[in-house]
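Biologist: I would like to go through the labels on this model one by one. Please set each value against its cut-off.

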Amino acid sequence: MVQTSSPPNTSERKQRLQVLTLSTLGFTLMFAVWLMFGVLGIPIRKEFGLTDVQLSWLSAVAILNGSIWRLMTGILADRYGGKVVFTAMLLFTAIPAYLVSQASSFEVLLFYAFLVGFAGNAFSVGIAWNAAWFPREQQGFALGMFGAGNVGASVTKFIGPAIIASVPAAGYLGGLIPGGWRFVPFLYAVLLVLMAIAMWVFTPRIDRKPAQGRPFLEMLRPLNNIRVWRFSLYYVVVFGAYVALSAWLPKYYVDVFGLPLYQAALLTALFIFPASLLRPVGGYFSDRYGARRVMYWTFGSMLFATWLLSMPDGHIVLYLPSRIEPNGMREVMHYTMTVWPFTLLVFIVGIAMGIGKAAVYKHIPEYFPKDVGAVGGLVGMLGALGGFFLPPLFAYAQAWTGLPQMTFVVLFILTAISTIWMHLTVIAMLNRAAPHLKGKIEHHPEGH
């Protein structure tokens, strides 16, 4: 990776800002496209007469395709430069986005949904691109700022319903511009092309390519390191679970608390926003205090919140002598989680995830400065796949027990495993650094 030891000149600062700004805007748009079926699904279901299972597959295939190419696109960004790869991805994604607006059957729409899901792979490109332009002491903040593009998950939630209601079903110009829900993917297709042009024109002409000329197999070598897979598990906790909860929470609010869908969507946004917008804060904390310390804060907060969220409503029954309790039973310690304490705890989880996502990616340029694309791509791929597999796991756990709170039991267990693995790693590192203290609980230096 190209790094600067001396303070950057004004021109270099400007170039870094151009890369960060355009990549963040591009990623926000791509993320909105990636998850657009979460909102468009209702009018799509009505038009095509879909079952809930068919509808769920639209989002699932998009999430899947937005995960599986992250390793490859990250490597390509390191090898050929983030500018050319990101621009090409924007232009490619515009094609299936337009085709979604023209779909005439569920099978065709499912195929286009899979193709448009490619947008999700933009994350690993932006991570590699920004890591190549920013020095080590600023990478946490820069990568966190870029990652705040996750807020794109809320873009369609806010603009989609208003657009669908305001654009006539017949569209404009005799149907050349489609109407109703179809206008949203059409609009995204146009914006993707405009974003590609802006990115190509307004970012530095000469890009940085940390892995230029390196053999492909050499770029994959760091993936043999167990540390990479540990970072991937961290990212499943803070990002995969974020994607899963973003889709799962509206249903949870409706089923458990009986809220109307629009209120459930708004309360879900209270989780999405901190989980997205606090990534720059997490990057700043990681630069200032260290990524590992921030991960302890993240996991600790998540364990506390998910432990409370996983407690089912109920009470304890005490069997007492009839002289004390006439009917022989007394119910004590009644516990019911109402909607506002639930929302507050989910908000805490969102804060922890937003900060933790940046901390995970702060580790990568620290340990793998020449392989941010490959390592960041694998971590991002496995993290995003968590968003694909966790919702079915939530559903199976709930069906097995009959308790909707099993959603948070799953997250608690996953977080606990990650915390234990991280802590054991830290202990092993400390033992290697100070082997003479290994196994000693107390140490008394001479004279003390």
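Modeller: Start with Ser67, in the loop between H3 and helix H4 (70-80). Helices here are DSSP runs (H or I, at least four residues), numbered from the N terminus. The model is predicted: local features need pLDDT of at least 70, side-chain atom pairs count only at pLDDT 80 or more, and totals for chains, interfaces and linings use all residues. Residues are numbered from 1 along each chain, and side-chain values use heavy atoms, with hydrogens and water left out.

Biologist: Why is Ser67 called buried?

Modeller: Ser67 has 0% relative accessibility. Buried means under 20% relative accessible area (1.4 Å probe, protein chains only). Therefore Ser67 counts as buried.

Biologist: What does Ser67 touch, leaving out residues up to four places away in sequence?

Modeller: Trp34, Asn121, Met381, Ala384 and Leu385. Contact means heavy atoms within 4.5 Å.

Biologist: Is Ser124 buried or exposed?

Modeller: Buried, because its relative accessible area is 1%. Ser124 sits in helix H7 (residues 122-133). Beyond its neighbours within four places in sequence, it contacts Arg70, Thr73, Gly74 and Gly377.

Biologist: What makes the Ser124 and Thr73 pair a polar contact?

Modeller: Their side chains are joined at 2.9 Å. The definition asks for a pair of N or O atoms within 3.5 Å, one able to donate a hydrogen and the other to accept it; residues adjacent in sequence count only if both atoms are side-chain atoms. The backbone oxygen of Asn121 also lies 3.3 Å from a polar side-chain atom of Ser124.

Biologist: Which residues have the most contacts inside the largest nonpolar core?

Modeller: Phe37 and Phe86, in a core of 128 residues. Such a core joins buried Ala, Val, Leu, Ile, Met, Phe, Trp, Tyr and Cys residues through side-chain atoms within 4.5 Å. H12 gives the largest share, 18 residues. The contacts of Phe86 include Phe27, Trp129 and Phe146.

Biologist: What makes a space a pocket?

Modeller: On a 1 Å grid over the protein atoms alone, a pocket is an open set of points where a 1.4 Å probe fits, with protein on both sides within 12 Å along at least five of seven lines; lining residues have an atom within 4 Å of a point. The largest pocket is lined by 42 residues, with Gly38, Leu55, Ser56, Ser59 and Ala247 nearest its centre. Elements giving two or more lining residues include helix H2 (37-48) and helix H17 (372-401).

Terms used. Buried < 20%, exposed > 50% of the residue type's maximum accessible area, 1.4 Å probe, protein only.
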